[in-house]
Amino acid sequence: MITEAEKFERDNIITINPNTSPKVFKSIQDITDAEFGDIFADKILGATDDVIIAPDLGSALVDEAASAVALVEHDSVIGYSYAVDIAKFDPVRSVEQGKTAYLYLTVLDKNFRGKGKVGFLTDELFRNLLKKGYTHVERDCKTISKDGNEGYADKVQRHYSDLPGAIEYISEDRVRFEDVGPERLFRMNIAKSLARHYY
Ligand SMILES: CC(C)(COP(=O)(O)OP(=O)(O)OC[C@H]1O[C@@H](n2cnc3c(N)ncnc32)[C@H](O)[C@@H]1OP(=O)(O)O)[C@@H](O)C(=O)NCCC(=O)NCCS
């Protein structure tokens, strides 16, 4: 049985594609810029500075290697989540094309954080990836939040702790980018991560 809140979220999640309204893309850019400044204002970098995934965020989201979902209210984006094929993110891993995706960004508008909405977004993205044939997702999560509190990494780790096999690998915390701070890499089994359904 689904709750009213879950039904509302389910009805408001869209899959981003080239026909998605320009207002939605603008709104995605706005919440991203509000959080990260101009880091994603132009080129979208992959695993290293030599890998350019796309010339800008809008193009990255509709690339054939991308999977992206957004929570939308009145054409305004509350949050979105974007994954890219690992072969596009890191060409060295081309043999994993179509099997492993890199969860590149998850951003919620500040006013909608702390309400569990990230779970709906993540699950919908994972469902889309599974349908496309992906088996695994890798993601780097911050271990300390911007305001110095518990980072998202601990929350993710806790959230999946009761789902056996959902997280297959956890790295040491390490700093890849000085301006982001310490992060922890997770390799996740998509099907096992979806074992607890919201609806
Ligand atoms: C990262 C971000 C999307 C998380 O969203 P949020 O609403 O702030 O998340 P919360 O702090 O409420 O934590 C997630 C909660 O959802 C729950 N949850 C449900 N499904 C979840 C899922 N699939 N994955 C993770 N958490 C999930 C967690 O259990 C947690 O609940 P708890 O607080 O009771 O432990 C948001 O803070 C954000 O946009 N930050 C800025 C952008 C950013 O830095 N993104 C990258 C982070 S590595």
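## Exercises on a predicted fold

Buried residues make up 33% of the 199 residues in the protein chain. The model is predicted.

**Exercise 1.** Work out which secondary structure elements the protein chain has, and how its radius of gyration relates to the globule rule.

*Solution.* 
- Step 1. Count the elements: there are seven helices and 10 strands.
- Step 2. Take the radius of gyration, which is 16 Å. The globule rule gives 16 Å for 199 residues, so the chain is as compact as a globular protein of that length.
- Step 3. Along its principal axes the C-alpha trace spans about 45 × 40 × 40 Å.
- Step 4. Check the contacts with a separation of 6 or more: 60% of them link residues 24 or more positions apart.

**Exercise 2.** Describe the largest nonpolar core, then list what Tyr80 touches.

*Solution.* 
- Step 1. The largest nonpolar core holds 46 residues. Ala70, Tyr80, Ala83 and Ala101 have the most contacts inside it.
- Step 2. Strand β6 (residues 100-108) supplies the largest share of this core, seven residues.
- Step 3. Skip residues up to four places away in sequence. Tyr80 then touches Ile28, Ala68, Val69, Ala70, Val107 and Leu121.

**Exercise 3.** Find how many residues surround the ligand, which elements give two or more of them, and how they divide by class.

*Solution.* 
- Step 1. The ligand is surrounded by 20 residues. Leu108, Arg113, Val118, Gly119 and Thr122 are the closest.
- Step 2. Assign elements. Two or more shell residues come from each of β6, α5 (117-132), β7 (136-142) and α6 (152-159).
- Step 3. Sort by class: eight are charged, six polar and six nonpolar.

Terms used: Residues are numbered from 1 along each chain as its sequence is written. This is a predicted model: local features need pLDDT of at least 70, side-chain atom pairs count only at pLDDT 80 or more; totals for chains, interfaces and linings use all residues. A nonpolar core is a set of buried Ala, Val, Leu, Ile, Met, Phe, Trp, Tyr and Cys residues joined through C-beta atoms within 7 Å. A residue is buried if 20 or more other C-beta atoms lie within 10 Å of its own, exposed if 12 or fewer, and partly exposed in between; C-beta atoms are placed from the backbone. Helices (H or I, at least four residues) and strands (E, at least two) are DSSP runs, numbered from the N terminus. Two residues are in contact if their C-beta atoms, placed from the backbone, lie within 7 Å. The radius of gyration is taken over C-alpha atoms; the globule rule is 2.2 Å times the number of residues to the power 0.38. A residue is near a molecule or strand if its C-beta atom, placed from the backbone, lies within 6 Å of it. Ala, Val, Leu, Ile, Met, Phe, Trp, Tyr, Cys and Pro count as nonpolar, Asp, Glu, Lys and Arg as charged, and the others, Gly among them, as polar.
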